[in-house]
Amino acid sequence: MPDADSRTSPTRTAARAVPYALLVAAVVLVSVNLRPGASSPGPVLEEVRDGLGMSAGVAGAMTGLPGLCFGVVGALAVAFARRVGMTAGIALGLTLATVGLLLRVTTDSVPVFLVLTVLALAGMAVGNVLVPAWIKAHGHAVVLMTVYGTGLVVGGTIGSLATAPVTEATGSWQTGLGMWGLLLAVSLPLWAWLALRERRSPTEHEVGDEAPTGRVGHSPTAIALTVLFGVQSMHAYVQFGWLPQIYRDAGLSASHAGALQALLSSMGIIGALAMPTVIARGRGLRPLTVSFGVLLALGYAGLLVAPATVPWLWALLLGLSGLAFPTAIALITARTRHPSVTAQLSGFVQPVGYALAAIGPFAVGLLHDATGDWHLVLVLLALTSVPLALAGWRVAAPTYVDDEI
C-alpha cells in the first residue's frame, strides 16, 4: 500500500510515471550493489596483499579508499545529476562500478588495482548520494527507504560473508572479489531502461539550485546528521577493513572472522527494516539514538579485553551500534520535505561524512603498525562513542532542514 509521502510529494507525478513494482525492483538492485565492492576486500586482505605484493602501508590506505572516494566523488554527484539527470547519473555510476570491479581482478599491478578500485568506488559514490533524492522524487518514501536501507546492509553483509569462503573454495582471491562485479552487472539493464524512459522528465534535473555545502551547512540538524553519519561510517569502514584482521590476530580463522563481520553487518538489517517506520511515527527515537554510542563503547571494550573469548558478543554489540547507519540514511528523507532539499542534504551529509570516515581506516593502519598491537586503536575507537551519542540526541528532534535553511 502506498505510504503517505506518495500522496503528498510535490513530484508525485514522477511516481506515477514508473510502475510501483519497477520502483521497488530498481531500489533493490541498486542498494544491494553499493556495498559489496567496499566490504569484500577486508576478509581476504592478507591474500590480496600476498597476491599483489602490497605493503602494509598501501593496504592501510586501500581500506580508507571507500570513505575517501564516497566523500570526494559524492560531493560532485549533485552537480553531475543536474547535467545528466538523477536516473541517468545512477545508471552511469553503476556502469562505472561494474567495470572497475570486473577489471581490477585481472591485474597483478598494485597501482592498476588501486586505480580500478577507485573507479568502482566512484561509481558507487554517485549512487550513495542520488538514490535518496531519486526515491523522494518518486514517492513511497517510507517503503522505498526501508527497501534501500535494508539492501545496503544486506549487500555489505554478503560481501563480508561470502568473499572468504569463495576465495578458500576456489583458491583465488580474484574469484572472491570479482563475483561482486558480476552481481552489479545484473542491475544495469533495468537502470539503463529507466534512464532512457525518464530522460525527459522535468524532475530529473531538479536536485537543488545551489552547492550542497551552501545553505544546508547552516542547518543544525544537517550538521548533527553529518556527525552521526560520519562517525558511524568511519566505524563501518574500519570494521570492513580491519575487524577481520583483529579477529585473525586473536587466533580465529579467515572464514570465522568473515562470519563474525557478517554477523555484525547483518544486525543493520533490523534497523534498516524498522527505522524508517520508527522515525515516521516519531516515538522513542532519542533513547534509541543515544544507545548507539553506549553499544559502540561496550563492543570495542570487549575486543580490547577478550577478543576471542566471546567474539560473537562483541560483533553483536558493534552491529547493534551500527543501527546508526540505517537511521542516518532514513533521516535524510525524513528530515526534508522537498526532493531538492533531500538532494542537497544527501549531497552534504554523505560526502562530508565519508570524508571523515576515510581518515579512520588509514589511521588505524598507521597506529597498528606503529604500536604493533590493537590496544591503543581500540581505546581511541571506543572514545568516539561520545560524539556519536551527542549527534544522535540532536537528530532525534522532529525538525525539518527545509525550515532551518
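1. Helix α5 (residues 45-52) and helix α12 (residues 220-249) pack at an angle of about 100°, and their axes are 10 Å apart. Axes here are lines fitted to C-alpha atoms, for helices over the stretch in contact, and angles run from 0 to 180 degrees between N-to-C directions. The pair α5 and α12 is therefore roughly perpendicular; angles under 35 degrees count as roughly parallel, over 145 as roughly antiparallel, 65 to 115 as roughly perpendicular and the rest as oblique. On the α5 side, Leu45, Glu46 and Glu47 meet Gly241, Trp242, Gln245 and Arg248 of α12, where contact means heavy atoms within 4.5 Å. By class, the contact of α5 with α12 has 2 nonpolar, 2 polar and 3 charged residues. Ala, Val, Leu, Ile, Met, Phe, Trp, Tyr, Cys and Pro count as nonpolar, Asp, Glu, Lys and Arg as charged, and the others, Gly among them, as polar.

2. Basis of the note. This is a predicted model, in which local features need pLDDT of at least 70 and side-chain atom pairs count only at pLDDT 80 or more, while totals for chains, interfaces and linings use all residues. Residues are numbered from 1 along each chain as its sequence is written, and side-chain values use heavy atoms, with hydrogens and water left out.

3. Overall architecture. The protein has 20 helices and 0 strands; helices (H or I, at least four residues) and strands (E, at least two) are DSSP runs, numbered from the N terminus. Along its principal axes, the C-alpha trace spans about 55 × 45 × 35 Å. A compact globule of 405 residues would have a radius of gyration near 22 Å, and the 20 Å of the protein agrees with this. That radius is taken over C-alpha atoms, and the globule rule is 2.2 Å times the number of residues to the power 0.38.

4. Burial and contact range. Of the 405 residues in the protein, 58% are buried. Buried means under 20% relative accessible area, exposed over 50%, and partly exposed in between (1.4 Å probe, protein chains only). Among contacts between residues at least 6 apart in sequence, 85% join residues at least 24 apart.

5. Helices α13 and α16. Helix α13 (residues 254-281) packs with helix α16 (residues 324-334) at an angle of about 30°, their axes being 8 Å apart. The two helices α13 and α16 are therefore roughly parallel to each other. Gly268, Gly271, Ala272, Met275, Pro276 and Ile279 of α13 meet Pro326, Thr327, Ala330, Leu331 and Ala334 of α16. By class, this contact of α13 with α16 has 8 nonpolar, 3 polar and no charged residues.

6. Helices α16 and α17. Packing of α16 with α17 occurs at an angle of about 150°, with axes 8 Å apart. These helices, α16 and α17, are therefore roughly antiparallel. Phe325, Leu331, Ile332 and Thr333 of α16 make the contact with Thr342, Leu345, Ser346, Gln350 and Tyr354 of α17. By class, the contact of α16 with α17 has 5 nonpolar, 4 polar and no charged residues. Leu331 of α16 is listed both in the contact with α13 and in that with α17.

7. Leucine 34. This residue is found in the loop between α3 (20-31) and α4 (36-39). Leucine 34 is buried, with a relative accessible area of 1%. Not counting residues up to four places away in sequence, leucine 34 touches Phe70, Leu94, Met124, Gly127, Asn128, Tyr148 and Leu152. Leucine 34 and glycine 156 are 122 residues apart in sequence and 8.1 Å apart in space, C-alpha to C-alpha.

8. Serine 291 counts as partly exposed at 23% relative accessibility, and leucine 298 counts as partly exposed at 46%. Leaving aside neighbours within four places in sequence, leucine 298 is in contact with Trp314 and Leu317. The C-alpha atoms of serine 291 and serine 385, 94 residues apart along the chain, are separated by 9.6 Å. For leucine 298 and valine 112, 186 residues apart along the chain, the C-alpha separation is 40 Å.

9. Alanine 370. Helix α17 (residues 339-371) contains alanine 370. At 65% relative accessibility, alanine 370 counts as exposed. Alanine 370 and alanine 195 lie 175 residues apart in sequence and 49 Å apart in space, C-alpha to C-alpha.
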